[in-house]
Amino acid sequence: MKSRIALAGALLLLAGTASAANRPAGYVTICTEGKTCSVAANTNVAFGRADKFFYKVLSGSFVCNEATFGGKVAGGTNECSVPSGTSSSSSVSSVSSSKSSSSVASSVASSSSSLASSSVASSSSSKSSVASSSQQSQSGAYVSGQGYYPGCKMPTPTETVQLTATHVVPANTVFDGGNKRYNLSGGSQAEGQPAVIDVQDGGTVKNVIIGSLAADGIHCLGSCTLQNVWWEDIGEDAATALGPVGSVMSINCGGAYNGSDKTFQHNGRGEFRLSNFYIQTSGKVYRSCGDCTANGGPRKSTITNVATRDVKTYVGINLNYGDNTTIRSVILDNTGDARTKLCQGYIGKVKGEGSSETLGVFWNTAQCNVRPEDVTLLGPSRTNPGECSISDCSAYQK
């Protein structure tokens, strides 16, 4: 009898783990592939499985399928999920196993809280750490002016730590800041400031608040993960990707405030990924370096599930170096009607050869992969419809 109970418990745990992998941390499944779901206005919806997802901001009824999200994850049934606490419903479509699918979706949704808590405990040393339960309770559709991305509200600092030198996170280790505020020095736009935190290759930083003495934020020296990190002041830059070809800087769940130039700077040659993030008052979300020493490319960036308020440009990339960006499911929540540039193209330069040159604003090209349907406009927000700053942009509009 005991062995049967133990076996049943093991199977239940295994089933819970498999289900959790089919939705992002802090999300609950609302329906499975092929069914029709319904969500509140401007709700973030994830579609995928096995820890790989497509995201889109949706309103009302939609079909949970590849056509809606522009892709799917092969190898099994994809699921549609929303941040925990979001109101939603689903109805049966023409899937033959709709009754059992509905039952599975209901079971997954009803157990989401325990699975999320279990996941936090079991992955405390993992790079893909999940949002805390307090952040999950803040989830839901984005509301204009709320000041954070759904599910990723900045916590109250537990204490303030005044550093005297850059804190170094060794390679392949996890630094959990315990939601403490970390200050170092400066915080202005002055060049050459030290980093508050240096993250060596394979390192992870989580549950950290960078205070007003933000210096040059966080430096990622190789592949790194920033999870649940907030900047009360962007400083020179909130974070800089310095890793070589093949490295990935991944930032998930957080926010950055009070900047005037770039939020994230990309000086290395790897890939930059930003998701579930909020930025308020800044010149740009992301910029690949315009005139670095030994500058070049290509650099790749992906911006998904990001809300901004009074940010002038989302992405600035060097088209002559082969940079490319993909922008999906972003929200513009501006207080004025100045036109936001989603993808600004430049001619990058090597340091000493002058400043980078502006080419124009581009939509739906191989290097600027963003479409009007990827952008939700709130209030007076507007986008730049596209422009060419040189005599002929045809070479960059493919």
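In this predicted model, the count of aromatic pairs comes to 10. A pair of aromatic rings is described by the distance of the centres and the angle of the planes. Phe 47 and Phe 69 form a stacked pair, with 4.9 Å from centre to centre and 10° between the planes. Phe 47 belongs to strand S2 (residues 36-49) and Phe 69 to helix H2 (residues 66-69), so the pair ties together parts that are 22 residues apart in sequence.

| Residue | Relative accessible area | State |
|---|---|---|
| Phe 47 | 0% | buried |
| Phe 69 | 8% | buried |

One aromatic cluster is formed by Trp 231, Phe 264, Phe 272, Phe 277 and Tyr 286. Two of these names return in the strand pairing. Phe 264 in strand S15 is the bridge partner of Ala 239, and Phe 264 also stands opposite Tyr 286 in strand S16. Strand S13 (residues 239-241) runs parallel to S15, joined by three bridges. S15 also pairs with S16 (residues 271-288) in the parallel sense, over four bridges. Five of the five residues of S15 (residues 262-266) are buried, so this strand is largely enclosed by the rest of the structure.

A ring also takes part in a contact with a charge: the charged end of Arg 287 sits over the ring of Tyr 346, 3.8 Å from its centre.

As a whole, the protein has five helices and 24 strands. Of its 398 residues, 52% are buried. The accessible surface comes to about 16300 Å², and carbon and sulfur atoms account for 51% of that surface.

Definitions and conventions. Residues are numbered from 1 along each chain as its sequence is written. This is a predicted model: local features need pLDDT of at least 70, side-chain atom pairs count only at pLDDT 80 or more; totals for chains, interfaces and linings use all residues. Side-chain values use heavy atoms; hydrogens and water are left out. Buried means under 20% relative accessible area, exposed over 50%, partly exposed in between (1.4 Å probe, protein chains only). Helices (H or I, at least four residues) and strands (E, at least two) are DSSP runs, numbered from the N terminus. Two strands pair if DSSP finds at least two bridges between them. Accessible areas come from the Shrake-Rupley method with a 1.4 Å probe; for residues, only the protein chains shown count as cover. Rings of Phe, Tyr and Trp (its six-membered ring) pair if their centres lie within 6.5 Å; planes under 30 degrees apart count as stacked, over 60 as edge-to-face and the rest as tilted. A charge sits over a ring if NZ of Lys or CZ of Arg is within 6 Å of the ring centre and within 35 degrees of the ring normal.
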